[in-house]
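Here is a short tour to read alongside your viewer.

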Amino acid sequence: MHDDTLTPEARRELAAVDAALAGDRVDPDLVDIERLVLAVRDERERPSGPFCERLDARVAERFARPRPAGVARALGLVAAARARTSRRMLLPALGAAASLLLVVVVATSLLTGGGEDTLTKDEPAGLSAPATGGAVQERQAAPGSADDEAGNSTTVAPPGVAVPPSTGADTLPGRQDRRVERAATVALTTAANRIEDVADDVIGVTDDVGGIVVTSSVNSGERGGSASFQLRVPTGRLDEALEKLSKLAHVRSRTQNADDITGTFVSAEDRLAASRAERRGLLRQLAAADTTNETASVRARLRLVQQEIAAQQAELRRLRERTSFSVVNVTIDSDSRSGTGGGWTPRDAWNDAVRILEVIAGVVLVSLAVLLPLGLLAGLAVFGGRIARRRQREQALDAT
Amino acid sequence: MTETLAVAIPTRPAEQALDFDALYRTSRDDVFAYVASLLRDRSAAEDVTAMAFERAFRRRRTFSPRRGSPRGWLFGIARNAALDELRRRKRVAPLVADPEDVSATLAAEDGAELALRREVVRAGLERLEARDRELIALKFFAGLSNVELAGVLGVSESNAGTLLHRAVSKLRKACHA
């Protein structure tokens with residue numbers, strides 16, 4: 001460690017050095033310092049005349065380096081361009097161009113509705129499904145599937161739809177004519193002022209495919225609206241109905257359910273057949289009855305069996321209706337992006353601007369999260385490099 | 001009196017831009033003398049001097065008056081260039097100081113007593129350590145103030161004064177020995 005404190009005598013001697021270098025007189029007791037200064041200064045090397053001329057010339061031409069003709073021409077063009085466009089003008093222009101590009105990219109992604117459409121293609125997990133049998137969710141039923149051939153009350157599952165086996169007694173492997181109950185949900189979005197028109201179209205589509213509107217609710221207003229329908233359409237024309245409904249407005253989501261109730265149906269048929277066989281047996285017993293008591297007993301038993309048969313036939317009818325008609329739930333909501341007139345309003349512009357700023361802020365944040373550590377590492381590397389280079393230079397001086 | 005020392009060191013306001021041509025005119029010979037004292041090789045000193053001025057010219061926009069004087073900044077560049085040259089060579093070049101001319105000059109103008117004194121001074125300089133010799137060169141050859149010395153060496157001003165005083169004392173002893 002150096003002692004940085006100079007004694008008065010040392011200060012005086014250094015002042016004498018400065019005075020001697022400036023050509024001033026020094027104190028008589030320090031005249032040896034003056035002589036030393038003059039003697040040392042006489043030892044200084046002086047550059048030669050030719051070297052001074054060469055260096056003066058290089059300075060005069062601003063240390064120009066000879067370059068190949070092509071490079072020189074290119075550099076000349078660049079210099080001319082830079083002369084025409086100063087840096088102060090160029091930087092804002094580049095910044096504006098980059099901002100415009102970013103805005104176009106973000107706005108395009110927003111206005112094409114990428115985010116919500118992605119959601120609409122997903123099948124809602126909470127879709128209601130009949131309790132019996134296994135539920136199968138499918139994105140879209142293939143047009144022209146086996147349902148189209150089912151003109152009667154029997155619905156056969158499409159070949160492409162995997163129907164999971166039912167549990168317990170409902171499991172009937174190998175059976176070809178599966179009984180499948182189908183349901184669908186369609187969520188549409190449209191401009192607020194088109195809610196009623198689309199609602200009318202939904203009813204029209206229902207009529208076209210021979211279905212019925214079970215429930216309907218339409219609520220419209222200037223600032224938005226909504227509508228909901230529960231439809232029952234023939235299962236054989238379900239795909240046609242869904243296709244037509246999907247063309248009425250923007251489809252936010254569309255889901256279909258297939259529920260295999262073959263086991264339930266077969267069980268009901270078996271019970272009905274058994275009851276009918278029992279009735280036939282009772283009729284034979286009635287014909288052969290000899291006594292009054294025997295006849296009354298058989299008649300009483302016949303009445304019970306007849307009630308069972310009626311109940312079982314009603315159950316079969318319900319099951320056939322569930323497979324021959326499909327429930328379609330349709331919802332219509334106003335699209336906030338479409339506003340009231342379908343045009344791009346100042347409100348939409350404001351919302352888009354906020355959204356764009358959010359995206360930009362996110363991009364900047366993510367970029368900073370990546371660049372800051374890298375910048376810190378780079379700064380440390382540069383700092384370390386400078387220290388190392390400085391140390392090497394000092395070592396080179398010590399080695400002389 | 002040498003030409004360089006006769007020229008007044010220009011002082012400029014802190015915010016004034018670097019006048020490279022003026023800096024070159026007032027510092028060319030001083031930079032050469034300083035670099036030559038470090039390298040002890042006239043040919044290499046010419047190359048390094050030219051390199052230092054070229055670097056200074058290309059970096060002239062990075063000069064900040066708040067961080068020191070233009071001469072201090074220039075001698076910092078020259079010092080780095082000279083030390084890089086020393087690193088590159090990894091050897092000490094012999095002093096090529098054109099002794100014939102010196103002897104002739106001494107004989108013609110100053111006589112034997114002055115020639116002896118110069119020989120003593122030269123021998124004293126040779127006996128100094130490189131760092132002390134550098135300090136002497138920066139002070140005696142280049143005429144830097146203690147503030148500028150501190151900037152070039154990367155030390156505090158008081159530390160620079162202490163180091164300079166020690167170097168001068170060593171030189172005085174070496175010359176009187």
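## A helix pair in chain B

Helices α2(B) and α6(B) cross with a right-handed sense. In this predicted model, the angle at which α2(B) and helix α6 (residues 130-141) of chain B pack is about 165°, and their axes lie 9 Å apart. Angles over 145 degrees count as roughly antiparallel, and α2(B) and α6(B) are therefore roughly antiparallel to each other.

Who makes the contact? From α2(B) come Asp30(B), Ala33(B), Tyr34(B), Ser37(B) and Leu38(B), while α6(B) supplies Arg133(B), Glu134(B), Ala137(B), Leu138(B) and Phe141(B). Sorted by class, the residues of this contact between α2(B) and α6(B) are six nonpolar, one polar and three charged.

## The largest nonpolar core

Now turn to the nonpolar cores. The largest one has 57 residues, and those touching the most other members are Tyr34(B), Val35(B), Leu39(B), Phe75(B), Ala78(B), Ala82(B) and Leu138(B). Helix α2 (residues 20-39) of chain B is the biggest giver to this core, with nine residues. Apart from that core lies another, of 26 residues, which includes Ala191(A), Phe325(A), Val327(A) and Val328(A).

Which residues does Tyr34(B) contact, leaving aside its neighbours within four places in sequence? They are Phe75(B), Ala78(B), Ala137(B), Leu138(B), Phe141(B) and Ala142(B).

## Chain A in outline

What is the secondary structure of chain A? Chain A has eleven helices and six strands. Of its 400 residues, 22% are buried.

## Where the chains meet

Finally, look at the contact between the two chains. Chain A puts in 33 residues and chain B puts in 46 residues. On the side of chain A that touches chain B, the elements giving two or more residues are α1 (8-22), α2 (31-42), α3 (49-60) and α11 (346-398) of chain A.

Which element gives the largest share of that side of chain A? The answer is α2(A), with six residues. By class, the side of chain A that touches chain B is made up of 17 nonpolar, three polar and 13 charged residues.

Technical notes:
Residues numbered from 1 in each chain as written. Chains lettered and ligands numbered in written order. Predicted model: local features only at pLDDT ≥ 70, side-chain atom pairs only at ≥ 80, totals over all residues. Core = buried A, V, L, I, M, F, W, Y, C linked by C-beta atoms within 7 Å. Buried ≥ 20, exposed ≤ 12 C-beta atoms within 10 Å, placed from the backbone. Helix = DSSP H or I, 4+ residues; strand = E, 2+ residues; numbered from the N terminus. Contact = placed C-beta atoms within 7 Å. Axes fitted to C-alpha atoms, helices over the stretch in contact; angles between N-to-C directions. Parallel < 35°, antiparallel > 145°, perpendicular 65-115°, else oblique. Left-handed = near helix turned anticlockwise from the far one by under 90°. Nonpolar A, V, L, I, M, F, W, Y, C, P; charged D, E, K, R; others polar.
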